[in-house]
Amino acid sequence: MIPALEEEEDLARAYRRTLSTFLHSPSEEALAGAYQLGRRALKEGKGVIDWAGVHDRALAALPMTLLGPEGLARAGTFYRESLSPFEMTQRGYAETNRWLERLNAELRREISAKESLAAQLQEANASLESFSYSVAHDLRAPLRAISGFSDALIQDLGETVKPTSARFLQRISAGAIRMGQLIDALLGLARVSRVELARSSVSLSDLAGTVLEHLKASESARVIEAVVEPDLVAQGDPALLRALLENLIGNAWKFTSKTDQARIEIGRAPSGAEPAYFVRDNGPGFDMAYAAKLFEPFQRLHSAQEFPGTGIGLATVHRIVRRHGGRIWAEATVGGGATFYFTLPKGDEHGPSV
Amino acid sequence: MGRPSKILLLVEDNNDDETLTLMALETNRITNEVVVARDGAEALDFLFGTGAHAGRDVSVQPQVVLLDLNLPKIGGIEVLRRLRADERTRFLPVVVLTSSKEEEDILKSYMHGANAYVRKPIEFAEFAEAVRTLGLFWLIQNESAPRAK
């Protein structure tokens, strides 16, 4: 037993030494040494699997500096050469085959495990879809009843209603309406993660112009100076990029509602490897200490009395930018307005993060 | 008997929504007769004079059908499909009136021949306005397809 063990150690040592030599300077001699070592192992009754172990241990014992990509490729050549004596024997073939079969079986197990995971994921997604659908459909009906019948009650009571009671009923109705808005916003957020990205060339300038026109039409009394840099073109999903600008420009519009000489600017600024687009306003801004919370759902930096909102808009924007592989950040000062920057890298460089 | 007044068929399973729709019609002084069907099967029975409505004079058809999508027994889309497949109801104006604004629902409705798609607003004033517009257009302004003799 002991001599055999020593012999084995001797063989393994020889293998490591010769491999090390080959890695330092790949010569024909060293490669021939691999072949000789393989023959010796075969003669001593080693199997292919034992031999793979010898190779692995030799690799583990070698300094990392020798094992760059090139080094590893060389080690592979060396190992294959040392295996060729095994392959020339019947036993070698049989063992190699068994070994490969075992590897194949392992791979098949891994694949089927992954497939079942994928099936589970698909199932989870489908049930999430049907859940969102129920949320959209079934939760809105009771809200309509709450809002509708509160209004009907105010009508019914007519002159006899106490002013406080009328106000309470109005607040019940307003609460239901607000919950409806929250549900819609949450569904919008869910949709961003769900839809497949359809990338094309999108003019952010045109989109911004359309969004601004809609806002102006909805509140024609407001005087706002809006500046859109021409020729802002990005690669992305047109519907999602529209939602992105609707949210950012909508925010700028909302937060400048109490600002004299309100101004909204949409443009491009140099930033690292790719340009950052920005939406800037001269509204009340915010304290940068809270900037990290901005993009989380339901986080608001202003009270609903000051500026209404669902607290979902920037979370949606964040998710849209992330799905495009981009970054988003904000710069603001209290009383000095806010600027939201985002990048949209080219599609082929950054796959969609699902 | 004089000319039958223009009927409106409301296909709605939710009792609250039914009341709200009737209230909205009343608010807007739309006094047409409203027939309410509480599921898709009942709606088809009314339109084709079958089941509980066997023997009904089916030459009298509603001026417009307000159709919810999520209905017991037979869903709204299936109701639409069967209406469009039948000569008698092929051109019957159908307005889908539902909670959903899922793209898929909207697309499916139009694919199966809906004439319009309206999402029920939560705010009653908005809901009443939507019903007013619908009533004005479908009950007064719109000319229905001439009936096949």
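This is a short tour of a predicted model, from chain A as a whole to its sheet and then to chain B. Residues are numbered from 1 along each chain as its sequence is written, with chains lettered from A and ligands numbered from 1 in the order in which they are written. Local features need pLDDT of at least 70 and side-chain atom pairs pLDDT 80 or more, while totals for chains, interfaces and linings use all residues.

**Select chain A.** Its secondary structure comes to 10 helices and seven strands. Helices (H or I, at least four residues) and strands (E, at least two) are DSSP runs, numbered from the N terminus.

**Select the sheet of chain A.** Five strands form an open, mixed sheet in the order 2-4-5-7-6. Two strands pair if DSSP finds at least two bridges between them. Strand 2 (224-228) and strand 6 (328-332) of chain A are at the edges; each has a single partner strand, so one side of each lacks a neighbour in the sheet.

**Zoom to strands 5 and 7 of chain A.** Strand 5 (276-281) and strand 7 (338-342) run antiparallel, joined by five bridges. Pick Asp281(A): its bridge partner in strand 7 is Ala338(A).

**Move to the interface.** Here, 14 residues of chain B are in contact with 15 residues of chain A (contact: C-beta atoms, placed from the backbone, within 7 Å). Helix 1 (15-27) and helix 5 (124-141) of chain B each supply at least two residues of the chain B side. Helix 1 of chain B gives the most, with four residues.

Definitions and conventions
Two residues are in contact if their C-beta atoms, placed from the backbone, lie within 7 Å.
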